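Me: I am new to this structure and would like to learn how to read it feature by feature. Could you give me the general idea each time, and then the case at hand?

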Amino acid sequence: MSGNDPLVKVRGLTKSFGANQVLQGVDLDVPKGSVVSIIGASGSGKTTLLRCVNLLETYDGGSIEVDGVEVGYDLSDGRRRPRGERELAGIRADIGMVFQLFNLFPHLTATENVMLGLRKVRGMGKAEARAAAEQWLVRVGLADKLESLPIELSGGQQQRVGIARAVAMNPKVLLLDEITSALDPELVGEVLKVVRELARDGMTMMLVTHEMTFARDVSSRVVFMDGGRVAVEGSPKDVFGAPAQHERLRGFLARIELRDI
Amino acid sequence: MNVMLNSLPFLMQGLLVTLRVSGIVVAAALVLGVLFGVGLSFGPRWVAWPLRIYSDLIRGLPLLVLIFCVYYMLPLTGLNVTSFWAAVAALAAFQSAHVAEVTRGAVQSIPPGQHEAGKSIGLTFSQRMIYVVFPQALRRFLPPWINTVVSTVQGSALVSLVGIVDLMLAIQQVIGRTFKPMPMYILGALIYFVINYALSLMSRMLEARFAYVRE
Amino acid sequence: MQYHLNYNFIWKYFDRLAWGLALSLELATIGILIGCIIGLALAVLSHGAGRPVRFVVGAYVEFIRNVPLLLLVYLVFYGIPSVGGFAYDATTSFTMTLAVYAGAYLVEVFRAGLDAIPKGLIDAGRAIGLTPAQRVLHVQLPTMFRIVLPSLGNAFISLFKDTSLATVLAVPELMYGANWIYTNTFRIVEVWTVVAPMYLVTGFILLGCLRLLERRFAIRRR
């Protein structure tokens with residue numbers, strides 16, 4: 001894997017749910033250390049694209065490579081074989097995901113939530129894992145909530161635990177699936193602050209978001225998806241700033257901005 | 001009165017057999033039932049369908065039919081088992097189907113997001129089951145599972161019909177000697193009652209306790 | 001092992017199985033009907049009643065539910081006549097046992113059903129001037145039956161399977177028929193490969209009928 005290869009390489013990705021072809025040939029590069037925001041109307045395929053990267057959804061055609069490794073299929077000895085459970089687990093360990101609905105483990109404390117992957121997947125000892133977990137929780141601003149159960153935390157706090165859980169695993173790339181959509185407005189800021197810091201520290205990220213201002217501020221590149229394809233791609237300035245060339249993008253942004261008022 | 005007291009040691013021996021049968025069956029049904037339940041809920045089609053058919057078939061039969069079937073037909077397959085083990089096998093098969101259903105209900109109540117979160121940090125299937133799903137499913141599993149334990153103790157009485165000297169058959173034998181059926185049946189009923197009622201109470205206590213754990 | 005399947009024996013005596021199945025269904029039906037009467041009466045009785053009444057009803061329910069059916073069958077058939085002085089035949093005895101057994105389970109079902117009746121219905125009945133008795137008859141009972149229909153149906157299917165215990169009293173239902181054929185022909189495989197499916201198919205058909213009835217009558221709780 002040469003230093004110039006993008007960390008995540010998506011080529012010609014297709015995916016159907018039954019008769020509905022959600023992804024109709026997506027090409028995308030995510031260079032290491034960059035932040036790519038994926039925006040688009042619902043049904044445009046953006047969440048599906050993200051979920052294909054860590055194989056929460058299987059993809060029908062095309063390829064996704066993370067750090068040079070094809071995620072969904074084993075291509076050695078010339079044949080395209082779908083990967084088995086164990087292989088997938090190994091690949092997923094290096095890809096972090098933060099969910100819209102947090103998906104914290106309700107029976108574990110914040111620290112234990114972060115520790116689980118460290119102990120069972122990274123093989124750390126209990127003390128070592130606990131120390132690392134607490135360190136990450138402090139970094140996301142939850143030093144006083146280490147022993148709290150998810151039910152005792154606000155939405156913003158839960159999401160920050162979710163972020164800590166994902167990044168503690170030291171992933172190569174972090175996937176963020178509309179992580180502020182389920183939050184009350186006043187809690188969104190604390191979560192975005194954490195993401196900004198991660199970006200500043202060089203974490204490679206792919207985020208699906210409705211927060212246009214945030215996307216513009218933190219991304220290296222913005223991708224607008226429409227009808228299962230990448231319709232517009234460019235720097236935030238190009239996509240948001242100059243009068244948008246693409247008609248559907250113009251319409252989409254107009255609708256979003258109207259709502260933000 | 002005297003009759004009842006004199007027969008007590010003999011009944012206790014029968015009770016031991018009943019407890020032994022119930023104990024083995026509960027343990028076997030727990031292991032098999034949980035495995036089957038997980039297979040039913042998460043397995044690929046070639047695993048889930050046979051299990052579904054097995055479960056529906058077994059639960060659709062009266063327990064007595066199952067016991068007789070196994071008891072009479074097992075020797076024909078060449079396996080030389082004692083009547084004890086034939087009866088235990090039948091009862092275990094019956095209960096494992098019920099435990100599988102209980103497992104299925106408990107495990108399927110876990111939201112899919114939990115599975116996705118587990119996958120996203122790289123946990124394998126069995127790791128997800130052990131560390132994420134089972135701890136959460138436990139509270140929906142225990143109360144109905146204890147009901148299957150009660151039903152196992154009830155069902156164990158049927159092994160008396162294939163000659164196993166459990167509590168039920170012990171009662172019959174004492175009556176055969178003393179010709180006083182009513183006191184013996186009452187005594188037997190009381191013994192079964194005490195065991196099963198204790199279990200039922202435990203189940204209800206657990207249900208109440210877990211109701212306070214918010215979703 | 002040498003075993004030649006020969007189903008002629010089964011067909012020869014098939015009437016025992018057919019009539020046995022009919023009797024099983026009959027026993028289950030009578031059992032559930034009387035059980036419903038017992039269960040409903042006790043549920044209504046204990047619904048608004050004081051502690052002593054609820055304790056007695058509760059004791060009955062707990063006793064029946066925690067004692068094996070087999071023991072109850074013996075107790076009623078052998079035990080009671082020995083202290084009562086009177087006697088009855090096996091079928092009557094088993095039917096009564098089954099009814100008492102069903103009644104205990106059905107008390108719970110009906111109690112839950114009564115509790116589930118939306119209070120608004122009772123108020124509506126009061127509002128249009130129905131007397132308490134009329135309210136019970138025309139509003140509460142029909143509503144309750146629709147709510148408990150699924151549980152009732154499942155109880156019936158369960159009871160049908162429990163009729164197999166009647167064989168110990170030599171009541172000629174399906175299980176007894178199977179045993180009879182076995183002891184007279186020793187054709188064990190043939191007997192069970194016919195009788196087990198008979199139970200299964202009957203159960204399946206009953207389940208199907210239950211689903212149809214549910215679709216037509218039952219109130220689904222959303």
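Reply: Let us begin with confidence, for which the score is pLDDT, the predictor's confidence in each residue, from 0 to 100. Chain B averages a pLDDT of 89, and 97% of its residues score at least 70. This is a predicted model, in which local features need pLDDT of at least 70 and side-chain atom pairs count only at pLDDT 80 or more, while totals for chains, interfaces and linings use all residues. Residues are numbered from 1 along each chain as its sequence is written, chains are lettered from A and ligands numbered from 1 in the order in which they are written, and side-chain values use heavy atoms, with hydrogens and water left out.

Me: How many helices and strands does the secondary structure of chain B come to?

Reply: Helices (H or I, at least four residues) and strands (E, at least two) are DSSP runs, numbered from the N terminus. By that reading chain B has eight helices and zero strands. The C-alpha trace of chain B spans about 70 × 50 × 25 Å along its principal axes.

Me: What share of the residues in chain B is buried?

Reply: Here a residue is buried when its relative accessible area is under 20%, exposed when it is over 50%, and partly exposed in between (1.4 Å probe, protein chains only). Of the 215 residues in chain B, 52% are buried.

Me: How should I read the interface of chain B and chain C, and how many residues are in contact?

Reply: Contact means heavy atoms within 4.5 Å, and on that basis 33 residues of chain B are in contact with 31 residues of chain C. The buried area, which is the accessible area (1.4 Å probe) that two parts lose on being put together, summed over both, is about 2,900 Å² between chain B and chain C, with carbon and sulfur atoms giving 79% of that area. In chain B, the residues that lose the most area to chain C are B:L76, B:M182 and B:Y185, which together account for 19% of what that side buries.

Me: Which residues form a salt bridge between chain B and chain C?

Reply: Side chains of opposite charge can pair when their charged atoms come close. The rule for a salt bridge asks for a side-chain nitrogen of Lys or Arg within 4 Å of a carboxyl oxygen of Asp or Glu. Across the interface of chain B and chain C the rule finds one, formed by B:R204 and C:E62, whose closest N and O atoms are 3.3 Å apart. The largest share of the side of chain B that touches chain C, 11 residues, comes from α8(B).

Me: Where do A:K172 and A:D67 lie, and what does their salt bridge tie together?

Reply: In this pair, the N to O distance is 3.1 Å. A:K172 lies in the loop between α5 (155–168) and β9 (173–177) of chain A, and A:D67 in the loop between β4 (61–66) and β5 (69–70) of chain A, so the pair ties together parts that are 105 residues apart in sequence. A:K172 is partly exposed, at 33% relative accessibility, and A:D67 is partly exposed at 28%.

Me: Which residues of chain B are linked in a network of salt bridges?

Reply: Such a network links B:R52, B:D56, B:R59, B:E101 and B:R104. Over all chains, the rule counts 27 salt bridges.
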